[in-house]
Amino acid sequence: MRLIRATGFGLMISLALSGCVPPSVTRTPAEVSAEENAAAMARDGRFDQAAQAYLALAQSSPAYADHYRLLAAEAYRQEGRLEQAAPFLSAIKRQRLAGDEPVRLDLLQAEYALKQNDAHRALQLVTQPGVAVPAGLQLRLLELRAKAMDATGDTWGAARSRVEMDDRLTGLDQSQNRKQILAQLTKLGVDPLKQRASAMQQGDRMLPWINEALSQLGVAVARPQPALEQQVGTMMPGQDANVREGYKMPERVALLLPASGSFAAAGMAIREGFFAAYADAARNRAPRPPVKVYDSGGTAAGAVKAYQQAVSDGAKLVVGPLTRGEVAALFGQAQLPVPLLALNHPDDKSLPANGVAEFGLLPETEGAQAADHMVERGLHVAYVVVSGEDFGQRAANAFKAELEARGGKVAGMATLNGSSVNYASLIAGLNAADAGPDAGVFISMRPQQARLLVPQLRLARVNLPVFATSHVYAGVDDAGANHDLEGLEFCDAPWLFDAQPGLPEHGEIAAQLPTARGPAARLFAFGMDAWNLVPYVDWLREHTGSYLPGASGQLTADQFGRVRRVLVWAKFQDGVAHPLSGSLQMDSAPAQAPPAAGEPGQG
């Protein structure tokens, strides 16, 4: 009951001090003084003494007896001993109370009923029609209602009540509430959740939560495409000078990355990208606060230690850590006193709370964007061939979910054997040679596998357009090696092709820094965007449709604080990858030669 007591304490003290008593009777100076003393006891945390003082006032002041008994019961509640109020709680007469006291009595009686396992009585008390609930009591009422609904078997109603609470909470309270929402929804099961989702209108506040619950149950869910409506940083006339809309730069920034351990190389690429963007900010005369780098070591314990040190050193925003295990360790802390921009998604799939944002590279979003790209091309039938690695399987599941959500279908699926070089039987099993003009092939695999597969598709007379995730591109142009990928289209980070105006030139930086070229270039772009997000991360979450043009894609955020990416589409022509004009389209996803589960950037 931690949350309910905490939210009621300040209100109880303020009400006691305000002397909210029936206005028809005048209190004596002695009574006023005695009540002030009782309130002081409560304010000092001496709740048991405060309760005894209020009960004494109830005995000596019959006109205010119900008022004082209510305050006594609230003091016992704050002490965690609401059962001590049982002898007199039910005797308080609701009609003799004034102001918000009747509602406060209902909430106390509902809480006590829950303690007595009388959930039906509690539910009756917190769902009374026509009762106006003051704003300061609504959160407590919603939680009691959720608890009562859950106890009476109304799991869906309990989840809805907790969703109503979500934007009123912060920190650990919000994290715990979100876990309970998902626990209640997952309890309903896959098919009931799917049925509810299918009956909902887009924009229903429960739909994102259902999708999160389905994801936790292992179901690939089609995600609504982000609406890119308003670029952040629009110049706004200020009183003294022009300011950029949404721009809020913290005074001091900490960067948590592994400089040692298994992920040191990935950490270095991201760190160099971060400071390349930091240096470029001087060209735009943007404010640049001090940034201190901390070695997280790539471990959960190292990340927690680095975060705590950054807070102790005065950081106002922490960027990082990098691996899923590190992020999960920080999310599991009782309190995160400084806002966090995590550079991955936690491995337990928990949702970030207010003050926490997630920015990672997800193969699922690449798969979803590929499905959207095919549909926009008029192709509604797909044949899917992916690597057996984790990224390929996740991309395939997301592709299928998105394609089916948009009215398409997957006609055949196959997974490559890592050691095989002859895919003839696999291709024959797809039965794609006689596919119609509305069909295409989707692949997600490493360049070496793609260079073997695509020519064999042609030999098998599967002359369909081929679309891929970023993993087919090694990040450098090799016309000879990539000749076999002629005509293949893939999504990737726009900075690799200088397709995003306003950023430093890729070729110029790549000539100086090895981490800015080849497969590491995507992590470098990821690091650039980590810096570019710093002044806008709060604005993105709070303003649906706003976006930041980034190196790794157009960046936008969902209601949970997860930063999503909209990628550019490129095509192999004469063995060289060229961006397609006008290809900064809707969707979100990463672009890196993805590691297996748990590696940097993978959610």
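This is a predicted model: local features need pLDDT of at least 70, side-chain atom pairs count only at pLDDT 80 or more; totals for chains, interfaces and linings use all residues.
Residues are numbered from 1 along each chain as its sequence is written, and side-chain values use heavy atoms, with hydrogens and water left out.

Now for the rings. The structure holds 16 aromatic pairs; rings of Phe, Tyr and Trp (its six-membered ring) pair if their centres lie within 6.5 Å, with planes under 30 degrees apart called stacked, over 60 edge-to-face and the rest tilted. One of them joins Phe 526 to Phe 359, a tilted pair at 4.6 Å centre to centre with 40 degrees between the planes. Phe 359 sits in strand β8 (residues 356-359) and Phe 526 in helix α22 (residues 520-533), so this contact ties together parts 167 residues apart in sequence. Helices (H or I, at least four residues) and strands (E, at least two) are DSSP runs, numbered from the N terminus. Phe 359 is buried as well, at a relative accessible area of 0%.

Helix α22 also supplies Phe 524, which stacks with Trp 495 at 5.4 Å centre to centre and 10 degrees between the planes. Trp 495 comes from the loop between β13 (489-492) and α21 (506-510), so the pair ties together parts 29 residues apart in sequence. Trp 495 is buried at 1% relative accessibility, and Phe 524 is buried at 0%. Elsewhere, ring pairs link Phe 274, Phe 275, Tyr 278 and Trp 531 into a cluster.

On to the charges. There are 24 salt bridges, each a side-chain nitrogen of Lys or Arg within 4 Å of a carboxyl oxygen of Asp or Glu. Arg 162 and Glu 143 make one, with their closest N and O atoms 3.9 Å apart. Arg 162 belongs to helix α9 (residues 155-166) and Glu 143 to helix α8 (residues 135-151), so the bridge ties together parts 19 residues apart in sequence. Both residues, Arg 162 and Glu 143, are buried.

Helix α17 (residues 390-405) holds Asp 390 and Arg 394, four residues and about one helical turn apart, and their side chains meet in a salt bridge at 2.8 Å, N to O. Asp 390 is partly exposed at 26%, whereas Arg 394 is buried at 11%.

Note on methods. Buried means under 20% relative accessible area, exposed over 50%, partly exposed in between (1.4 Å probe, protein chains only).
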